[in-house]
Amino acid sequence: MRVVELAAALNNSGFKRVYDENGIAVYGAFNNNVGYGVGIVDCSRNADCDVILLQTIRQNLLRSSNITRVLFVVFTWDIETTRIRLRGDCDHWLYDGLEERLLIYEDQPADYLGLRAFIENNGIVPGRELPKRKSYNYLLTVTNGLVLINIIVFIYQIVTGDVDNLIYLATHGGMYSGAVLSGKMLYTVFTSLFMHASIAHLGGNMLTLLFCGNNLESRMGKLKYLVIYVLSGIIGNVASLAYYAAAGKYNVVALGASGAVFGVIGAYIAVMINDYRFNPDKPKMRIFRIIIWVLLAVYQGVRSNEINVVAHVGGLIGGFVLGLLLCRKRGNKIW
C-alpha cells in the first residue's frame, strides 16, 4: 500500500479532497451535510507533523466544511519517532513503510469506514476486488523502440554509404559543427542522435540504454522518459556546439546517442536520490556504483579524441535536472 494508492481509492469511492498542503491531504465524504474525513500524512514530505498540526487541521475542517471527524493514516519510515510526535492523538493509524504493514494501537479505533480491511489487504476489500494496476510490459517499451530505431538507422548507414566517410555522415544526418553554427542544417541537432560511427559505438550506447532505460521508463512513464531522452540528447549537442564555437572547431562531424543515453543515466541518478530522500534506510551502494561508472566513462572520454565528452557531460547534467523536475513525488520503485 502506498500513499498514491490510498488517495486513488478514496477518490474512486466518492471522497473529495478538502485539504492538501505540505504532504498532508484530507478526503471528505458527506451524509446529510455531516462530513467524515480520512487524512493521509506522508512523513517523507512533512517530517514535522505532530499532534498540534493534526488537531489544527481538524478544527479548520470542522469550521470550513463541517467535517466532524478525521482519521489520519500516517505513512512513515520511522515508527518510533512518529509515534512519539503523535502521542496524545487517538484518531490516527501508522503505516510502516519499511515493513509495509498497518499499525493500530490500543487507544486507536479498530476500524473506520471499512478502511482497515482495504489497507491490510493491500487494496483488496473482502468480497470485492478493486481494479489492479496493469503489470509493466518490458517488451513493448520506448527503450526497446529507441534501440530498434538506432539499429535500423545504422543498417541504413551501412547499406547506403560509408560510416567512415565524414562527408557521407555530414550529408546524411550527422551534426556538422560549421553548418549548424552558421544557422544551416539545424535539424541535425536531433537526427545525429540516432546515428553511429561503428558497431562498437552503437553497441556500447544501446547496451547502456537497455541497462538503465527500462528501469527509468517504468518509474517515470513513457512520455516523461521520452522527453528526458530527446531533450538530454539535444542539450548534449547544444553543449558540444558551444564548445566547438569557443574552440574554433568548425569542421567536426558529431553523431551518436551518447548525450541522450547519459541523460537517461542522469535522470536515473536523480530518481534514486529522490527515493533515498523518502526512504533514507535504503542501501546506497547502487547509486555509488553508477556514479563511479559515470566518472570512469567521462575520464575515458577525456583521454580519447574520438569521444565527444562535452555531449556526455551536457546530456548527463541535462538528464539529471530533468529527472529532478519530472520526478517530484514518490511513485513506483525503480528496482
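Which residue in β3 does Gly 28 stand opposite? Keep that question in mind as you read these notes; the answer comes in point 2.

1. **The whole chain.** A word of caution to begin with: this is a predicted model. The chain has 335 residues, and buried ones make up 46% of them. Its secondary structure comes to 13 helices and 8 strands. If you take the contacts with a separation of 6 or more, 66% of them are between residues 24 or more positions apart. The chain exposes about 17,500 Å², and carbon and sulfur atoms supply 59% of that area.

2. **Strand β3 and its two partners.** Find residues 34-42, which form β3. On one hand, β3 pairs with β2 (residues 24-31) over 8 bridges in the antiparallel sense. Here is the answer to the opening question: Gly 28 stands opposite Gly 37. On the other hand, β3 is joined by 8 bridges to β4 (residues 67-76), and these two strands run parallel. Gly 37 is a handy landmark here too, as it stands opposite Val 70 in β4. Because 7 of the 9 residues of β3 are buried, the strand is largely enclosed by the rest of the structure.

3. **Helix α10.** Now move along to residues 222-247, which make up α10. With 26 residues, this helix spans 37 Å from its first C-alpha to its last, close to the expected 38 Å. Its buried residues include Tyr 225, Ile 228, Tyr 229, Ser 232, Gly 233, Gly 236, Asn 237, Ser 240, Leu 241 and Tyr 244. Just after α10 comes Gly 248, with a positive phi of about 70 degrees.

4. **Aromatic pairs.** The structure holds 3 aromatic pairs. In one of them, the ring centres of Phe 190 and Phe 194 are 5.3 Å apart; the pair is edge-to-face because the planes meet at 65 degrees, and the cut-off for that class is over 60. Phe 190 is partly exposed, with a relative accessible area of 39%, whereas Phe 194 is buried at 12%. Another pair is formed by Tyr 243 and Tyr 244, with 5.9 Å from centre to centre and 55 degrees between the planes, and this one is tilted. Tyr 243 counts as partly exposed at 37% relative accessibility, while Tyr 244 counts as buried at 6%.

5. **A charge over a ring.** Have a look at Arg 83 as well. Arg 83 lies over the face of Tyr 105, at 3.6 Å from the ring centre.

6. **Two backbone angles to check.** Which phi does Asn 66 have, positive or negative? The phi of Asn 66 is positive, about 60 degrees, although this residue is not a glycine. You will find Asn 66 in the loop between α2 (51-65) and β4, and it is partly exposed, with a relative accessible area of 35%. Met 185 is not a glycine either, yet it has a positive phi of about 50 degrees. Met 185 sits in the loop between α7 (177-181) and α8 (188-191). At 27% relative accessibility, Met 185 counts as partly exposed.

Technical notes: Residues are numbered from 1 along each chain as its sequence is written. This is a predicted model: local features need pLDDT of at least 70, side-chain atom pairs count only at pLDDT 80 or more; totals for chains, interfaces and linings use all residues. Side-chain values use heavy atoms; hydrogens and water are left out. Buried means under 20% relative accessible area, exposed over 50%, partly exposed in between (1.4 Å probe, protein chains only). Helices (H or I, at least four residues) and strands (E, at least two) are DSSP runs, numbered from the N terminus. Two strands pair if DSSP finds at least two bridges between them. The expected span of a helix is 1.5 Å times one less than its number of residues. Contact means heavy atoms within 4.5 Å. Accessible areas come from the Shrake-Rupley method with a 1.4 Å probe; for residues, only the protein chains shown count as cover. Rings of Phe, Tyr and Trp (its six-membered ring) pair if their centres lie within 6.5 Å; planes under 30 degrees apart count as stacked, over 60 as edge-to-face and the rest as tilted. A charge sits over a ring if NZ of Lys or CZ of Arg is within 6 Å of the ring centre and within 35 degrees of the ring normal.
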